[in-house]
Structures are given as structure tokens and as C-alpha cells.
Amino acid sequence: MKILGLETIVFAVEDIASCATFLTDYGLIAKDVNEQGGRFEALDGSGVVLAHTSDDSLPASVGNGCMMRKTVMGVADQQTLDHIAEELRKDRQVTLLADGSIESTDDSGFAIGFQITQRKSLAVVGEVSNLPGSPVSRPVNALGVDNDAEQIRPHSLSHIVFFVPDPVKAEAFYVERLGFRCTDRFEGVGPFLQPAGSLEHHTHFLIGAPPFMTGVEHFTFHFAGPTEIMQNGSRFIEKGYQAFWGPGRHILGSNWFWYFNSPFACHIEMDADMDLHDKNWEPRSALPGADNSQVFLLKNRPKWSPGPDSGHNGDYE
């Protein structure tokens, strides 16, 4: 099945205004937002939809305080959409919505939707570093960083991480019913999953957890490179938001990361430079823990300046 990846995550919230501010401070672009909610997009049009908890058109929550109500995945064509609907109707309800998308549930109880992709193609180049002898580098006189740059924008919706009560069952649904494949896994925890229409290391990561924890651990968008993560994350903290983990770089997937607390009962990440894998890739298996989760971890501190009062306040260590 030519599932390309995530295109929309829907949250139900009480305070639309503060959640909208959070998402625009993160870098998403507000579209048709009012007191009942709206859409917040990355540069390619993928994004987050906010709706008020009173909106009875939303799928039900999985409970446990989870505010995420639905994930919508993009597919390559109508044939794929019809194939998914046919497959899922074998044992569960599939609803055709007015916009032509379909809606159902996975085996963990999460509402899932599928639509013909609406992502916009982006003709952009990611972050390039200058290395003596390298045939690829920034042009002469092109600066590597602009401290006066306006709001840094995420490029595309990257992935989501679910807490699931039965990771074996959850993995089987995505692999056997929807054509995903495991690229890597943490032993005793769960798999990183890649849809058939994407080369990205993962769009979903499943973490086994007790039923009372069923919900979302985090979601994230891709940025152009580590500099954008560092710069945007630092500005995010200056606006009063709280970092949770990072910045650093993962081992499985290799993506740069910086996690923050969010008003959505889960964490939000900024990520960049994720590995790409095709069918020739052999999945790895690793024990969970810091040694296998991050190749390094930096620590954010107040800005350093020379002088007698500088103390130990370095930028990062």
C-alpha cells in the first residue's frame, strides 16, 4: 500500500487560544483559526488541527487524558485509498467522510484517517556545512546562520509515538494490514515503523505500556538541519517554554532532536536529518536506555559572555 506518511494530527483542547499561540511560537502557520480551532501548517501543508473538546464530530479519545483524537495519513492515489478501505472493512467500521477521506480505528483504539496526499512539494535544500575538500558546500559569502532571521518554519510533519498496551498486536496491525515495515526496534519496548510509500526511518514508533498509559508520547516536525533546531529551540525557551530532553542526536534513525513539554498531554519534538532506508535495510534490535538512544546529549544553559560574572554559564555542554 502506498501510504506516504502522516499529514495531520487532530487534538481536542479546552483553551484554543493558548494552544494556538504554542503552535505558532513553535513555527507552524495558522490557517483559518477562530475560537473553535483551526489548522496549523508546516511549509509543505502537513500540520496540526485544533478543535474544542465540545466538538462532537471528533472521534472519541482513547482515554487516560489523551488529547489526540485522530491521525490522518496521506496515500499516493485513489487505488490505495480504496484498497485500505476494503482491507479494514473486513473486521471494523470504515467511514467515508465528506472530503473523500476515510476514517477507522487501529487495534489499539486510536482513530486513524487516510486521504489522497495534499502535501505540497518543496524545492529546498537542507543544511549544508563547509568542509575543506568537500564538493558540496555553501556558496562563497553565504552565511551559515542568521541571528536576525524571522520565525523558523518546520518543513513537514515527521512522526508520532504511541503508548500501546500490546505492542505485538499493534505492530501486526500496521505491518500486516497497512503494509508498514519495521526498520529498527527497542527490545521489549516496540518497533519503529515505516510506511511502504516512504523511505524515512519511521513515521510511527510504538512503545509498550500499561493500558492506563495508552496515548501519545510525542509528535514532531522536520526542520532543515541542526542549526534550525538549535536556533528555534533556543528561541522557544526564551519565550518561556520548557525543554524536556535534548538537544542531541538519536542512534536509531540518526535524527537530531530537542523535546519540549506541550499543552497537548504529550511532548513535542523538533527533529532534523533522519536516516532513509529502502527494502535492502536490515532492521537492528537494541536494548532500551540512554546508551542506545542517543549518541550524545547537550545541555542548554544561559548564554555565556566573557568577564568576571561569566561563571560556568556556557551555552551548551
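Reply: **Strands and rings**

Strand β9 (156-164) and strand β12 (residues 204-208) run parallel and are joined by five bridges. Within this pairing, I160 has H204 in β12 as its bridge partner. Strands are DSSP runs of E with at least two residues, helices are runs of H or I with at least four, and both are numbered from the N terminus. Two strands count as paired if DSSP finds at least two bridges between them.

The model is predicted, so local features need pLDDT of at least 70 and side-chain atom pairs count only at pLDDT 80 or more, whereas totals for chains, interfaces and linings use all residues. Residues are numbered from 1 along each chain as its sequence is written, and side-chain values use heavy atoms, with hydrogens and water left out.

β9 and β12 belong to an open sheet of 10 strands with mixed pairing, in the order β17-β10-β11-β12-β9-β13-β16-β15-β14-β18. At the edges stand β17 (284-286) and β18 (294-297); each has a single partner strand, so one side of each is left without a neighbour in the sheet. From one strand to the next, the twist averages 25°; for such angles, axes are lines fitted to C-alpha atoms (for helices, over the stretch in contact), and values run from 0 to 180 degrees between N-to-C directions.

Aromatic rings form a further part of the picture. The structure holds 22 aromatic pairs, where rings of Phe, Tyr and Trp (its six-membered ring) pair if their centres lie within 6.5 Å; planes under 30 degrees apart count as stacked, over 60 as edge-to-face and the rest as tilted. One of these pairs is Y26 with F223, edge-to-face at 5.7 Å centre to centre and with 70° between the planes. Y26 lies in helix α1 (residues 16-26) and F223 in the loop between β13 (215-222) and α4 (226-238), so this contact ties together parts that are 197 residues apart in sequence. Both Y26 and F223 are buried; buried means under 20% relative accessible area, exposed over 50% and partly exposed in between (1.4 Å probe, protein chains only).

F236 and F260 are also edge-to-face, with 5.1 Å centre to centre and 90° between the planes. This pair links distant parts of the chain, F236 being in helix α4 and F260 in strand β15 (residues 256-261), 24 residues apart. F236 counts as buried because its relative accessibility is 1%, and F260 counts as buried because its value is 0%.

Four of its five residues are buried, so β3 is largely enclosed by the rest of the structure. It pairs in the antiparallel sense with strand β2 (residues 29-34) over four bridges, and a hairpin through two residues joins β2 to β3. β3 also runs antiparallel to strand β4 (residues 47-52), to which five bridges join it. R39 in β3 is the bridge partner of K31 and stands opposite V49 in β4. The hairpin of β3 and β4 has five residues between the strands, and G45 in the turn has a positive phi of about 95°.
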